[in-house]
Amino acid sequence: MNTQNQHTGQPDVIVVGGGIGGLSAAYALARKGLNVRVLERAKEFGEVGAGMQIAPNCTRILHEYGLLDEAKQLGVLPESIVMKDAVDSSELTRLDLKDLEQKYGFPYMVIHRSDLHGIFLRACRRAGVELLTDQVAVDFQNSGRGARVTFEDGHVEEAGVVIAADGLHSVARKLLVDDQPVNSAYVAYRGAMPIEQVRDNDISETDVVLYVGPQCHFVQYPLRGGAMFNQVAVFESPKAMAGEDDWGTPDELDAAFEGTCSQVQQGLPLMWRDKWWRMFDRDPIMNWVHGRIALLGDAAHPPLQYMAQGAIMAIEDGWVLAEHVGRQLATGAGVADLDWAVALSAYNAVRPEHCRRVLTTGRVWGELWHLDGIQRLQRNAIMRARDTYDYTFTEWIYGNTALFPDDEPPMYPTIPLDSVEVAEEQAQEPRELVTVE
Ligand SMILES: Cc1cc2nc3c(=O)[nH]c(=O)nc-3n(C[C@H](O)[C@H](O)[C@H](O)COP(=O)(O)OP(=O)(O)OC[C@H]3O[C@@H](n4cnc5c(N)ncnc54)[C@H](O)[C@@H]3O)c2cc1C
């Protein structure tokens with residue numbers, strides 16, 4: 001067993017899983033004065049992958065935690081998010097992120113995921129969180145004094161509450177629902193490289209650029225103060241659609257982006273080709289709490305990544321739970337007197353509905369990005385008609401994280417694709433000749 005910040009005795013809270021969700025929840029609770037122990041399956045704490053986007057509903061929390069300046073030093077504050085058509089590279093719509101920061105009070109950031117994870121790991125160490133690796137949880141049970149977790153080596157840990165932040169294949173989730181990850185048949189390739197390698201590729205060094213195309217999309221943005229560049233290529237795998245096991249392979253990557261614009265074509269050879277991420281989510285569930293065991297992060301709400309809110313939702317989960325704990329402590333209750341049933345019930349009353357909205361919107365968003373034919377042209381026309389400074393579509397997500405169900409803002413109004421008329425012949429033109437002006 002690998003241990004850091006080791007205490008003795010029973011902690012107030014056990015967190016299973018030391019990803020961004022587990023560590024951020026551990027930190028949120030530790031800063032309220034609770035003794036927290038994190039138990040992680042891997043031999044080392046860390047994150048595999050490249051960049052991630054962090055919207056104002058998360059940077060607001062980083063600010064409250066005193067971690068935003070560190071994150072700003074490690075990340076990049078892009079000027080805009082620009083959505084382009086992956087076929088003809090024309091601009092569809094954009095968010096002015098400087099204006100967005102003015103509006104929501106906190107910045108939109110891109111950051112290497114290992115940097116964000118590292119920020120929480122260091123914060124946990126400073127806050128005295130016990131951090132244990134090489135700990136594989138195999139069973140979760142409620143007990144008289146809280147909840148217990150059994151580990152692969154046979155030892156058992158107990159605390160007043162157990163947070164299961166054990167990701168997409170959560171062991172604890174089985175206590176609440178008998179479900180399986182849902183295969184989207186889409187796969188993501190990632191690549192992060194020194195900026196010098198892409199300078200000649202008609203890239204933006206200051207924006208997040210998203211190319212949306214038929215059954216595929218391509219994302220680019222700078223990382224690490226602009227010294228690195230991040231690319232994500234996502235496509236629907238024909239082999240997955242045919243039910244084959246060996247799907248998402250590099251030959252499919254190249255074929256999926258045939259017919260896309262030169263900016264995308266130039267980026268493709270730089271994708272890492274030795275690993276890829278098959279995209280699964282799960283159907284939303286509206287109960288995350290089983291006695292003193294609470295799901296958090298991807299264990300509760302694994303999304304498709306199209307809203308770029310997966311890690312953010314996990315960070316919000318921990319903040320909300322810690323706020324409800326803090327409210328009890330503020331009344332003069334000691335940690336030993338905490339009424340976990342009340343805190344967990346408040347958490348369970350507000351978070352599942354918010355995350356249900358993000359999960360279901362993520363699925364719809366993915367469909368919208370990947371349209372072909374007439375529907376692609378209808379989408380493009382709707383996107384082009386949007387005013388850059390119209391925030392109707394961000395109000396529900398980038399504002400303050402709701403602590404109570406009544407604080408959850410309404411969803412955005414939907415615009416049906418067929419509210420736009422597009423000439424049929426346009427959709428039948430060869431892709432590279434399509435113009436929609
Ligand atoms: C291509 C892609 C792009 C994305 N982009 C964004 C983005 O821009 N913005 C954003 O907010 N989100 C993004 N996400 C989503 C985000 O990465 C995840 O939602 C987030 O990392 C989930 O964090 P987590 O801690 O809940 O789960 P995980 O990161 O899965 O962590 C779970 C942890 O639990 C451990 N564990 C698992 N089982 C056990 C066990 N039995 N015992 C002990 N430990 C265990 C694991 O080893 C792991 O460390 C993206 C995802 C993908 C795939």
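Helix 9 and helix 10 cross in a right-handed way (right-handed means the near helix is turned clockwise from the far one by less than a right angle, left-handed anticlockwise). Helices here are DSSP runs of H or I with at least four residues, strands are runs of E with at least two, and both are numbered from the N terminus. This is a predicted model: local features need pLDDT of at least 70, side-chain atom pairs count only at pLDDT 80 or more, and totals for chains, interfaces and linings use all residues. Residues are numbered from 1 along each chain as its sequence is written.

**Helix 9 with helix 10**

- Two packed helices are described by the angle between their axes and the distance between the axes.
- Helix 9 covers residues 310–330 and helix 10 covers residues 340–369; they pack at about 155°, with axes 9 Å apart.
- Axes are lines fitted to C-alpha atoms, for helices over the stretch in contact, and angles run from 0 to 180 degrees between N-to-C directions.
- The angle makes helix 9 roughly antiparallel to helix 10 (under 35 degrees is roughly parallel, over 145 roughly antiparallel, 65 to 115 roughly perpendicular, and the rest oblique).
- On helix 9, the contact residues are Met-313, Asp-317, Val-320, Leu-321, His-324, Val-325 and Gln-328.
- On helix 10, they are Val-342, Ala-343, Ala-346, Tyr-347, Val-350, Arg-351, Cys-355 and Val-358.
- Two residues are in contact if their C-beta atoms, placed from the backbone, lie within 7 Å.
- This contact of helix 9 with helix 10 has eleven nonpolar, two polar and two charged residues.
- Ala, Val, Leu, Ile, Met, Phe, Trp, Tyr, Cys and Pro count as nonpolar, Asp, Glu, Lys and Arg as charged, and the others, Gly among them, as polar.

**Helix 2 with helix 9**

- Helix 2 (residues 56–64) packs against helix 9 at about 45°, with axes 9 Å apart.
- That angle makes helix 2 oblique to helix 9.
- The crossing of helix 2 and helix 9 is left-handed.
- Helix 2 brings Asn-57, Cys-58 and Ile-61 to the contact, and helix 9 brings Ile-312, Ile-315, Glu-316 and Trp-319.
- By class, the contact of helix 2 with helix 9 holds five nonpolar residues, one polar and one charged.

- Seven strands form an open sheet with mixed pairing, in the order 6-5-14-15-16-13-17.
- Two strands pair if DSSP finds at least two bridges between them.
- Strand 6 (91–96) and strand 17 (277–281) are the edges; each has a single partner strand, so one side of each has no neighbour in the sheet.
- Neighbouring strands are turned by 20° against each other on average, direction ignored.
- Strand 13 (residues 182–194) and strand 17 run antiparallel and are joined by four bridges.
- Ala-188 has Trp-277 of strand 17 as its bridge partner.
- Helix 4 (residues 97–104) packs on the sheet and touches strand 5 (80–85) and strand 6; its direction makes about 40° with that of strand 6.
- Helix 11 (residues 373–385) lies across strand 5 and strand 6, at about 35° to strand 6.

- Six bridges link strand 9 to strand 10 (residues 146–151).
- Gln-141 has Arg-148 of strand 10 as its bridge partner.
- Strand 2 (residues 13–16) pairs with strand 3 in the parallel sense over four bridges.
- Val-15 has Val-38 of strand 3 as its bridge partner.
- Strand 3 (residues 36–39) is covered on both faces: Val-36 and Val-38 on one side, and Arg-37 and Leu-39 on the other, are all buried.

**Two single residues**

- Leu-296 sits in the loop between strand 19 (293–295) and helix 9.
- Leu-296 is buried, with 31 other C-beta atoms within 10 Å (20 or more within 10 Å means buried, 12 or fewer exposed, and in between partly exposed, with C-beta atoms placed from the backbone).
- Not counting residues up to four places away in sequence, Leu-296 touches residues including Gly-21, Ile-163 and Asp-317.
- Ala-349 lies in helix 10 and is partly exposed, with 16 other C-beta atoms within 10 Å.
- Ala-349 and Asn-287 are 62 residues apart in sequence and 8.5 Å apart in space, C-alpha to C-alpha.
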